[in-house]
Amino acid sequence: MRSEDHQMAYQDGGHDLRHHGDAEVRDDGSALVDLAVNVRTGTPPPWLRERIADSLGSLAAYPDGRSARAAVAARHGLPVERVLLTAGAAEAFVLLARASGARRPVVVHPQFTEPEAALRDAGHRVDRVLLREADGFRLDPADVPEDADLVVVGNPTNPTSVLHPAAVLTQLARPGRTLVVDEAFMDAVPGEREALAGRTDVPGLVVLRSLTKTWGLAGLRIGYVLSCPETVAALERVQPLWPVSSPALAAAVACVEPRALAEAAHAAHRIAADRAHLVAGLASFAERGVRVAGPAEGPFVLVRVAGAVEVRRRLRALGYAVRRGDTFPGLGEDWVRVAVRGRGVTEGFLDALDTALDAVPGAASGAVPRAASRSVPGRPGTEHTPG
């Protein structure tokens with residue numbers, strides 16, 4: 001499709017780029033078990049809440065981000081001129097859209113839809129590169145048009161949970177092109193392997209990070225940009241004054257300290273184990289039309305299931321909210337995204353999915369009862385919360 005066609009689709013009721021997981025648990029969904037939002041459960045931890053609370057005594061003063069900026073820079077081994085603090089990673093997409101003079105921006109989908117929405121709101125015409133299920137939603141750099149001067153890709157990608165090799169992503173870099181890599185979920189990957197944060201040898205690289213997912217700070221809004229000093233300065237010029245609150249700055253400092261990095265690393269391994277448990281459970285429904293995209297590497301999995309619209313509705317009736325997939329370009333109504341949770345919650349969800357599939361015509365064709373078709377070891381009576 002040409003850029004004009006994408007613009008028309010956006011305006012004429014195509015994919016709802018502004019639908020996000022939190023919409024699944026607002027209002028009547030607030031009492032549901034939340035598998036739609038990718039914020040780690042059990043967060044923020046008590047020590048982080050205390051650090052944020054201690055900052056409240058300074059609210060009469062305007063925020064001073066210098067210490068937080070220096071802390072983030074030190075965490076990645078960079079000079080402060082390469083760091084920009086933002087009100088969540090989402091603000092960074094708005095700043096990039098406003099500051100960019102790109103003639104042909106390209107967004108690699110399926111991925112977080114806010115980058116494209118922000119570009120369109122800023123007047124850009126956006127081309128899409130749609131990755132294919134048959135290829136495991138993996139990126140071939142040759143799929144990106146050579147004349148694209150702004151490329152946006154997630155790693156690990158929301159919602160596919162695919163972790164692209166750093167060597168593949170760096171093939172996208174070239175003089176005259178801005179390469180934006182959204183690493184909002186990279187700290188949930190053990191060892192942060194394939195990360196580009198901290199790299200200074202990749203031309204045009206812009207890395208976005210979020211502290212809201214791992215640390216449960218979605219309501220506080222804190223993230224940052226890592227790039228060359230010229231790009232950071234350009235983004236800062238279009239940023240409002242005092243964009244990051246004093247409590248968010250205090251959280252940023254706390255979340256990049258050695259203690260926090262060690263805790264995040266530990267949580268990443270726990271999440272990987274809990275994800276393996278979830279994927280194994282979902283695989284037991286393969287004969288009933290359930291497929292997991294993968295291999296999954298993020299704190300969520302993308303699942304294809306026949307009759308997903310009705311399955312989602314029935315899951316809600318059983319007390320579970322999952323994220324619809326049809327708002328992501330490249331996906332359709334048969335997709336849902338499921339957040340990784342502790343094993344107790346996962347077992348409850350799998351039981352609910354079993355029931356939901358039984359009630360959906362076509363989805364349970366040739367089904368074997370869950371109790372007979374799967375055996376997941378170590379089923380506890382209470383949830384194991386990562387971290």
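Good morning. I begin with a network of salt bridges that links Arg75, Glu183, Glu192 and Arg209; a salt bridge here is a side-chain nitrogen of Lys or Arg within 4 Å of a carboxyl oxygen of Asp or Glu. The structure holds 28 salt bridges.

A word on provenance. This is a predicted model, in which local features need pLDDT of at least 70 and side-chain atom pairs count only at pLDDT 80 or more, while totals for chains, interfaces and linings use all residues. Residues are numbered from 1 along each chain as its sequence is written, and side-chain values use heavy atoms, with hydrogens and water left out.

Let me continue with individual pairs. Glu146 and Arg174 meet through their side chains in a salt bridge at 2.5 Å, N to O. Glu146 lies in the loop between β4 and β5, and Arg174 in the loop between α6 (166–170) and β6 (178–182), so this pair ties together parts that are 28 residues apart in sequence. Helices (H or I, at least four residues) and strands (E, at least two) are DSSP runs, numbered from the N terminus.

Tyr62 lies in the loop between α2 (46–54) and α3 (66–76).

In what order do its five strands run? The order is β1-β11-β12-β10-β9, in an open sheet with mixed pairing; two strands pair if DSSP finds at least two bridges between them. At the edges stand β1 (33–35) and β9 (290–292), each of which pairs on one side only. On average, neighbouring strands of this sheet are turned by 35 degrees against each other, direction ignored. Axes are lines fitted to C-alpha atoms, for helices over the stretch in contact, and angles run from 0 to 180 degrees between N-to-C directions.

β1 pairs with β11 (residues 320–324) in the parallel sense over three bridges, and Leu35 stands opposite Val322 in β11. Two helices pack on the sheet. Helix α10 (residues 258–283) touches β9, β10 (300–305) and β12 (335–339), and its direction makes about 5 degrees with that of β10. Helix α12 (residues 343–358) touches β1, β9, β10, β11 and β12, and its direction makes about 75 degrees with that of β11. Contact means heavy atoms within 4.5 Å.

Which residues touch the most other members of the largest nonpolar core? They are Leu48 and Trp215, in a core of 54 residues. Such a core is a set of buried Ala, Val, Leu, Ile, Met, Phe, Trp, Tyr and Cys residues joined through side-chain atoms within 4.5 Å. Helix α9 (residues 246–255) supplies the largest share of this core, six residues. Beyond its neighbours within four places in sequence, Leu48 is in contact with Trp215, Leu217, Ala251, Ala254 and Cys255. Cys255 is buried, at 2% relative accessible area.

Definitions and conventions. Buried < 20%, exposed > 50% of the residue type's maximum accessible area, 1.4 Å probe, protein only.
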